[in-house]
Amino acid sequence: MTVYVDDAVWPWRGERWAHLMADTLDELHEFAQRLGRPRVSFQNKLSGCHYDVTAQMRERALALGAVAISRHRDRAQVRAIIQRARDQAAGLAP
C-alpha cells in the first residue's frame, strides 16, 4: 500500500498546504501520526479522506516514503485513491 502527498499547495493562514492521502485509511492514519498530525485533523470530505499538511510537512512526508502525486497530471489515480477512501469510510471496502 502507498501513502501519497499531492502538489496542491494551497495558501491558508500564512502557510501553504497539501493533502496527504493513502490506499488505506489505516495506513493514512498511521503515517499522519508519524508526521505529528493529530487524528482530529483528519478530513472525511467529498474531496476525499485526507489530512492537510504544510509544505514543510509535505517535504518530510516525501522523506519518509510518501509518493508525490499531481492532481493535474495524475487525475485518474487521484480519483481512484479518493474513491477507495470513500468506500472504506462508508464501510464498503476493507
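How many of the 94 residues of the chain count as buried? The share is 43%, where buried means under 20% relative accessible area, exposed means over 50%, and partly exposed lies in between (1.4 Å probe, protein chains only). The structure is a predicted model, in which local features need pLDDT of at least 70 and side-chain atom pairs count only at pLDDT 80 or more, while totals for chains, interfaces and linings use all residues. Residues are numbered from 1 along each chain as its sequence is written, and side-chain values use heavy atoms, with hydrogens and water left out.

The chain contains 3 helices and 6 strands; helices (H or I, at least four residues) and strands (E, at least two) are DSSP runs, numbered from the N terminus. Read from the N terminus on, the order of the elements is β-β-β-α-β-β-α-β-α. Along the principal axes, the C-alpha atoms fill a box of roughly 35 × 30 × 25 Å. The radius of gyration of the chain is 12 Å, which agrees with the value near 12 Å for a compact globule of 94 residues. This radius is taken over C-alpha atoms, and the globule rule is 2.2 Å times the number of residues to the power 0.38.

Contacts and surface come next. A contact means heavy atoms within 4.5 Å. Among the contacts with a separation of 6 or more, 55% are between residues 24 or more positions apart. The chain exposes about 5,600 Å², and carbon and sulfur atoms supply 53% of this area; accessible areas come from the Shrake-Rupley method with a 1.4 Å probe, and for residues only the protein chains shown count as cover. There are 14 positive and 11 negative side chains, and the centres of the two sets lie 5 Å apart. In this count Lys and Arg are positive and Asp and Glu negative, while His and the chain ends are not counted. The place of a charge is NZ of Lys, CZ of Arg, CG of Asp or CD of Glu.

H1 spans residues 25-35, and its buried residues are Leu25, Leu28, His29, Phe31, Ala32 and Leu35. Their cover includes strands S1 (3-6), S3 (15-22), S4 (42-45) and S5 (48-54), together with H2 and H3. After H1 comes Gly36, which has a positive phi near 90°.

Val3 lies in strand S1 and is buried, because its relative accessibility is 4%. Beyond its neighbours within four places in sequence, Val3 is in contact with Leu20, Met21, Ala22, Glu27, Phe31, Ala66 and Val67. The C-alpha atoms of Val3 and His50, which are 47 residues apart along the chain, are separated by 10 Å. Met21, in strand S3, counts as buried at 1% relative accessibility. Its contacts, leaving aside neighbours within four places in sequence, include Val3, Tyr4, Leu28, Cys49, Ile69, Ile81 and Ile82. Between the C-alpha atoms of Met21 and Asn44, 23 residues apart along the chain, the separation is 11 Å.

Polar side chains also take part in the picture. A polar contact is a pair of N or O atoms within 3.5 Å; within protein, one must be able to donate a hydrogen and the other to accept it, and residues adjacent in sequence count only if both atoms are side-chain atoms. Gln43, placed in strand S4, is buried with a relative accessible area of 17%. Its side chain makes a polar contact with the side chain of Asp52 at 2.6 Å. Aside from neighbours within four places in sequence, Gln43 is in contact with Gly48, Cys49, His50 and Asp52.

Ser70 sits in the loop between strand S6 (67-69) and helix H3 (75-89), and its relative accessibility of 1% makes this residue buried. The side chain of Ser70 reaches the backbone nitrogen of Arg73 at 3.0 Å. Not counting residues up to four places away in sequence, Ser70 touches Asp7, Arg75 and Val78.

Arg60, finally, belongs to helix H2 (residues 55-63) and counts as partly exposed at 41% relative accessibility. Its side chain reaches the backbone oxygen of Leu35 at 3.5 Å. Arg60 touches Arg34 and Leu35, with residues up to four places away in sequence not counted. The C-alpha atoms of Arg60 and Leu35 are separated by 7.5 Å, although the two residues are 25 residues apart along the chain.
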